[in-house]
Amino acid sequence: MGRTSETPGKPHLPAGTGRQRAATESTDVQRERILQAAATLFAAQGYANTTMAQIVRVLGVTKPFVYYYFRDKQEIFETLSWRPTVDCFTSMDFAPDDKRPARVKVTEGIERLIRATIAHHPCAVFPYREPQVYRPEYLAAQKKLAHHFYDRLCSLLEEGRRDGDFDFGETRITALAACSLPGFLYTWYRPDGRLPPDAIVAELSRLAWRVLGLRGRR
């Protein structure tokens, strides 16, 4: 079955851009250059210790070049954070005509969540490391997506429990506990670590299913 977002339209980053008015293939490439350079600096030394001057120096461009695409350092940081936020918090979305059992959707959605967190490393961990950086508008949009995700997950968990596939107590606490596993990747995950990404996804998924009280074989 296909996957579709059940949020109203595609979630967009709250407004705030540089002087760029129209996106083209060329401008997209330049924006990506800036984002990748900034992501490396943010990951290595944090938001507060990263300056626009450092980003400019790494890119070998001028400050006006960067300000053409982004209003300020905060917008760059929020743009980097928004992509994993959307991918993670829409991981439990399925097409309206998807008639598979709730247990299948939950296990697939959990895997998507973990895989998206790893795929977007290190940007996916920025909100956990430095939550104080974001604007209220950004946090409100993030909270809306999070509510959407947990509403979907809790509904599927309760459906699966009625089907006899899950064994747990309080639904919301169970959902939060299971999803905290990928959330804490920021404390220990390293791309060059002992296990490859697929092995980490498999291991964390199995742990999450135990928290959910998944019965029998998947």
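What percentage of the 218 residues of the protein count as buried?

## Model and overall fold

In this predicted model, local features need pLDDT of at least 70 and side-chain atom pairs count only at pLDDT 80 or more, while totals for chains, interfaces and linings use all residues. Residues are numbered from 1 along each chain as its sequence is written, and side-chain values use heavy atoms, with hydrogens and water left out.

Of the 218 residues, 49% count as buried, a term that stands for under 20% relative accessible area with a 1.4 Å probe and protein chains only. The secondary structure comes to 9 helices and 0 strands, where helices are DSSP runs of H or I with at least four residues and strands are runs of E with at least two.

## Cysteines

The count of disulfides, defined as pairs of cysteine sulfur atoms within 2.5 Å, comes to 0. The sulfur of C88 has its closest cysteine sulfur in C179, at 9.7 Å, which is too far for a bond; C88 is itself buried, at 9% relative accessibility.

## Aromatic pairs

The structure holds 15 aromatic pairs, meaning rings of Phe, Tyr and Trp (its six-membered ring) with centres within 6.5 Å, whose planes count as stacked under 30 degrees apart, edge-to-face over 60 and tilted for the rest. F42 and Y47 are stacked, because their ring centres lie 5.7 Å apart and their planes stand at 25 degrees; both residues are buried.

The rings of F77 and Y134, with centres 5.4 Å apart and planes at 35 degrees, form a tilted pair. Since F77 lies in helix α4 (residues 73-89) and Y134 in the loop between α6 (126-129) and α7 (136-162), this pair ties together parts 57 residues apart in sequence.

Key. Buried < 20%, exposed > 50% of the residue type's maximum accessible area, 1.4 Å probe, protein only.
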